[in-house]
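Student: Please show me the structure, and then we can go through it with questions.

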Amino acid sequence: MSPQLLVTNHRALWERATRHPFLDGVRTGQLPAQAFRRWLVQDYHFVSGLLRAQAHMLAASPRTDQKTLAGGLVTLVDELDWFEGHARRLGLSLDVPVHPTCREYVEFLTGLCQKAYAAQITALWACERAYLDAWSGAVPGAEPYREFVEHWTHPAFATYVVDLEACARRALEGASPAEAQEAEQAFRRVAELEAGFWEMTWEGGGT
Ligand code: HMH
């Protein structure tokens, strides 16, 4: 099954992963400030975990995928700087407990190294594609959120997602039936965890 077919065949699940009142609030400007702050701090921890997980994926990757995965790693390091800059500007401490929802997602990603490469790369592609789709639904974004919308809808990010899709497609083409099934399960899990991540920002009713 191609990566795109995974999205098509799990449409309802993908919509839960990529549409949420959080994103509507980013678009309209009605987003509760607390939800944004919670998202920013937890997403910093998410990216920091993703960076470690992706380093393991790079180690497992075939020659064809090294440039995409290594380039992505450097971008994630820069992204941590970017989050730290925003946190400083907003007076937010990043030294807070990682929310169980965020921790569960990061543990899933770091645990992927136990699985076949097809599942690893499918999960990574799904994770990045989810953010591209989610933030694309919030275009152009109201101030002060526009910069965040621009970050995850930037043409360079869209190209990265296309490159990851090509990596995932090659891996799925070469996968055994059992590996393909494992990759599909990983895709579904990413979609569920993405939906949960948006829900997490909403806890506390936006006060
Ligand atoms: C929860 N999913 C989540 N955060 C992110 N920053 C991305 C995906 C994209 O890197």
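Tutor: Helices (H or I, at least four residues) and strands (E, at least two) are DSSP runs, numbered from the N terminus. This is a predicted model, where local features need pLDDT of at least 70, side-chain atom pairs count only at pLDDT 80 or more, and totals for chains, interfaces and linings use all residues. Residues are numbered from 1 along each chain as its sequence is written, and side-chain values use heavy atoms, with hydrogens and water left out.

Student: In which helix do Asp-24 and Arg-27 both lie?

Tutor: The side chains of these two residues, Asp-24 and Arg-27, form a salt bridge (a side-chain nitrogen of Lys or Arg within 4 Å of a carboxyl oxygen of Asp or Glu), with 3.4 Å from N to O. Asp-24 and Arg-27 are three residues apart, about one turn of the helix, and that helix is H3 (residues 21-28).

Student: Which element gives the most residues to the shell around the ligand?

Tutor: Helix H4 (33-60), helix H7 (117-136) and helix H10 (177-202) are the elements that each give two or more residues to this shell. With four residues, the one that gives the most is H4.

Student: How far is a polar side-chain atom of Glu-194 from a nitrogen atom of the ligand?

Tutor: A polar contact is a pair of N or O atoms within 3.5 Å; within protein, one must be able to donate a hydrogen and the other to accept it, and residues adjacent in sequence count only if both atoms are side-chain atoms. In the side chain of Glu-128, an N or O atom is 2.9 Å from an oxygen atom of the ligand. For Glu-194 and a nitrogen atom of the ligand, the distance is 2.6 Å.
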